[in-house]
Amino acid sequence: MAFNISNFASQALKLGGARPTLFKVELNQPLGGLDGGTTLNELSSFHIQATSIPASTIGRIEVPYFGRKISVAGDRVFDIWNVNVLNDEDFAVRKLLEEWHNKINERAANINQFGSSEPRNYKANATVTQYGKDGNPVRKYTFKNMFPLEISAIQLDWNATDTIEAFDVNFSYDWYEIID
């Protein structure tokens with residue numbers, strides 16, 4: 001029966017639906033390292049308050065033939081990955097991200113500070129773990145060979161009361177792997 005709510009509940013949401021609040025992000029640091037005692041991995045799972053599981057697109061190649069076109073699969077393209085970071089007064093996460101960003105291309109001198117411009121020195125991996133309502137991991141996405149493209153501004157405003165600062169970071173990555 002098309003309009004039977006019982007069928008919908010038993011088939012579409014038989015496990016109660018995944019919750020967007022049950023996740024953890026773990027950011028690793030690049031091989032070239034970052035200064036400071038605390039690592040991004042130690043802080044990221046507590047400070048990253050929002051992210052996404054990004055889209056993945058397979059391109060389309062149109063091949064014309066006598067005025068008609070057929071489509072064949074093209075190359076896979078990965079979207080930019082964004083995280084939203086909750087800022088604390090010590091700016092610990094932001095400091096580490098700004099250092100990583102600066103070491104890739106120094107603000108004043110326009111040089112790479114990782115000792116080598118090899119991508120493996122400034123790239124790192126990250127993992128997003130989605131949890132079930134029972135607290136067990138149900139799916140993991142590991143982003144391979146990523147680096148920060150943009151660290152957003154932090155808006156300061158005398159009218160912004162009862163809130164905590166946050167900022168976005170956009171990462172580029174080569175691909176992601178899925179672990180069930």
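Biologist: In which loop is the place of Asn-110?

Modeller: The structure is a predicted model, where local features need pLDDT of at least 70, side-chain atom pairs count only at pLDDT 80 or more, and totals for chains, interfaces and linings use all residues. Residues are numbered from 1 along each chain as its sequence is written, and side-chain values use heavy atoms, with hydrogens and water left out. Helices (H or I, at least four residues) and strands (E, at least two) are DSSP runs, numbered from the N terminus. Asn-110 has its place in the loop between H3 and helix H4 (119-122).

Biologist: Is Asn-110 buried or exposed?

Modeller: Buried means under 20% relative accessible area, exposed over 50%, and partly exposed in between (1.4 Å probe, protein chains only). The relative accessible area of Asn-110 is 56%, so the residue counts as exposed.

Biologist: What is the phi of Asn-110?

Modeller: Most residues other than glycine have a negative phi. Asn-110 is a residue other than glycine with a positive value, near 60 degrees.

Biologist: Which residues does Asn-105 touch, not counting residues up to four places away in sequence?

Modeller: Asn-105 is also placed in the loop between H3 and H4, and at 38% relative accessibility it counts as partly exposed. Contact means heavy atoms within 4.5 Å. With residues up to four places away set aside, Asn-105 touches Asn-110 and Ile-111.

Biologist: Where does Phe-66 lie?

Modeller: Phe-66 likewise has a positive phi, near 50 degrees. Its relative accessible area is 75%, so Phe-66 is exposed. It lies in the loop between S3 and S4.

Biologist: Which residues make the nonpolar surface patch of about 310 Å²?

Modeller: Patches are made of residues with over 30% relative accessible area and no salt bridge; like charges are joined within 9 Å, nonpolar side chains (Val, Leu, Ile, Met, Phe, Trp, Tyr) within 5 Å. Areas come from the Shrake-Rupley method with a 1.4 Å probe, and for residues only the protein chains shown count as cover. The members of this patch are Ile-61, Val-63, Ile-70 and Val-72.

Biologist: Which elements give two or more residues to the nonpolar patch?

Modeller: Val-63, partly exposed with a relative accessible area of 35%, lies in strand S3. The elements giving two or more residues are strand S3 (56-65) and strand S4 (68-78).

Biologist: Of the 30 residues in the largest nonpolar core, which touch the most other members?

Modeller: A nonpolar core is a set of buried Ala, Val, Leu, Ile, Met, Phe, Trp, Tyr and Cys residues joined through side-chain atoms within 4.5 Å. The residues touching the most other members are Leu-27, Trp-81, Leu-97, Trp-100 and Phe-171.

Biologist: What is the relative accessible area of Val-85?

Modeller: Val-85 is found in strand S5. Beyond four places in sequence, its contacts include His-47, Ile-48, Val-93 and Phe-167. Val-85 is buried, with a relative accessible area of 1%.

Biologist: How many residues apart in sequence are the parts tied together by Asp-174 and Lys-123?

Modeller: The side chains of Asp-174 and Lys-123 meet in a salt bridge of 3.2 Å, N to O. Asp-174 lies in the loop between S8 and strand S9 (175-179), and Lys-123 in the loop between H4 and S6, so the pair ties together parts whose separation in sequence is 51 residues.

Biologist: What radius of gyration does the protein have?

Modeller: The radius of gyration is taken over C-alpha atoms, and the globule rule is 2.2 Å times the number of residues to the power 0.38. A compact globule of 180 residues would have a value near 16 Å, but the protein has 21 Å.

How values were computed. A salt bridge is a side-chain nitrogen of Lys or Arg within 4 Å of a carboxyl oxygen of Asp or Glu.
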